[in-house]
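Visitor: I would like to learn how to read a structure that I have never seen before. Could you walk me through this one?

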Amino acid sequence: MPEDRLTDDQLRDIAQEYMERMGYGNQPYIVFKHKDISLEHLHIVSLRVDEKGRKLPHDFEARRSMEILRDLERKYN
């Protein structure tokens, strides 16, 4: 909702918690705050390979992501 506003610090904390819970907390990543049609949201870009070039496991990633996002929405209102 447009009246729901989080500070940049809160958004940073949410992005960090999301990445950690997804299992990518130790991966390099960058977070972009984006706004379109009055909806502010984050884009996170990261690597899906480890330092030796091995692909990180991503089983049920979409389902895990949605569960984490719903939990974060409840946590941060």
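**A guided tour**

Guide: Let us begin with the strands: β1 (residues 29–36) and β2 (residues 39–46) run antiparallel and are joined by eight bridges. Two strands pair if DSSP finds at least two bridges between them. Before going on, note that this is a predicted model, in which local features need pLDDT of at least 70 and side-chain atom pairs count only at pLDDT 80 or more, while totals for chains, interfaces and linings use all residues. Residues are numbered from 1 along each chain as its sequence is written, and side-chain values use heavy atoms, with hydrogens and water left out.

Visitor: Which residue in β2 does I30 stand opposite?

Guide: In β2, the residue opposite I30 is V45. As a general idea, side chains in a regular strand alternate between the two faces of the sheet.

Visitor: How many residues lie between β1 and β2 in the hairpin?

Guide: Two residues separate the strands of this hairpin, and I37 in the turn has a positive phi of about 50°.

Visitor: What is the order of the elements from the N terminus on?

Guide: The elements of the protein chain run α-β-β-α, with two helices and two strands in it. Helices (H or I, at least four residues) and strands (E, at least two) are DSSP runs, numbered from the N terminus. The C-alpha trace spans about 45 × 20 × 20 Å along its principal axes.

Visitor: How do I read the helix α1, and how far does it reach from its first C-alpha to its last?

Guide: The expected span of a helix is 1.5 Å times one less than its number of residues. With 15 residues, α1 reaches 21 Å from its first C-alpha to its last, close to the 21 Å expected. After α1 comes G23, whose phi is positive, near 95°.

Visitor: Which residues of α1 are buried?

Guide: Buried means under 20% relative accessible area, exposed over 50%, and partly exposed in between (1.4 Å probe, protein chains only). In α1 the buried residues are L11, I14, A15, E17, Y18, M19 and M22, and they pack against β1, β2 and α2. Across the 77 residues of the protein chain, 19% count as buried.

Visitor: Why does M22 count as buried?

Guide: M22 counts as buried because its relative accessibility is 4%. Contact means heavy atoms within 4.5 Å. Not counting residues up to four places away in sequence, M22 touches E61, R64, S65 and I68. The C-alpha atoms of M22 and P57 are separated by 10 Å, although the two residues are 35 residues apart along the chain.

Visitor: Is E17 buried or exposed?

Guide: E17 is buried, with a relative accessible area of 16%. Leaving aside neighbours within four places in sequence, E17 is in contact with L72, K75 and Y76.

Visitor: Where is S65, and what does it touch?

Guide: S65 has its place in helix α2. S65 counts as buried, at 12% relative accessibility, and it touches Y18 and M22, again not counting residues up to four places away in sequence.

Visitor: Is M66 buried, partly exposed or exposed?

Guide: M66 lies in helix α2 (residues 61–76) and is partly exposed, because its relative accessible area is 39%. F60, in the loop between β2 and α2, counts as exposed, at 58%. F60 also has a positive phi, near 55°, in a residue other than glycine.

Visitor: What is the volume of the largest pocket?

Guide: Rolling a probe the size of a water molecule over the atoms shows where empty space is left. On a 1 Å grid over the protein atoms alone, a pocket is an open set of points where a 1.4 Å probe fits, with protein on both sides within 12 Å along at least five of seven lines; lining residues have an atom within 4 Å of a point. Grid points are joined across faces, edges and corners, and a volume is the space filled by probe spheres set on the points. Here the largest pocket has a volume of about 940 Å³. It is lined by 30 residues, and the closest to its centre are L11, I14, H41, L42 and L69.

Visitor: Which element gives the largest share of that lining?

Guide: The largest share, eight residues, comes from β2.
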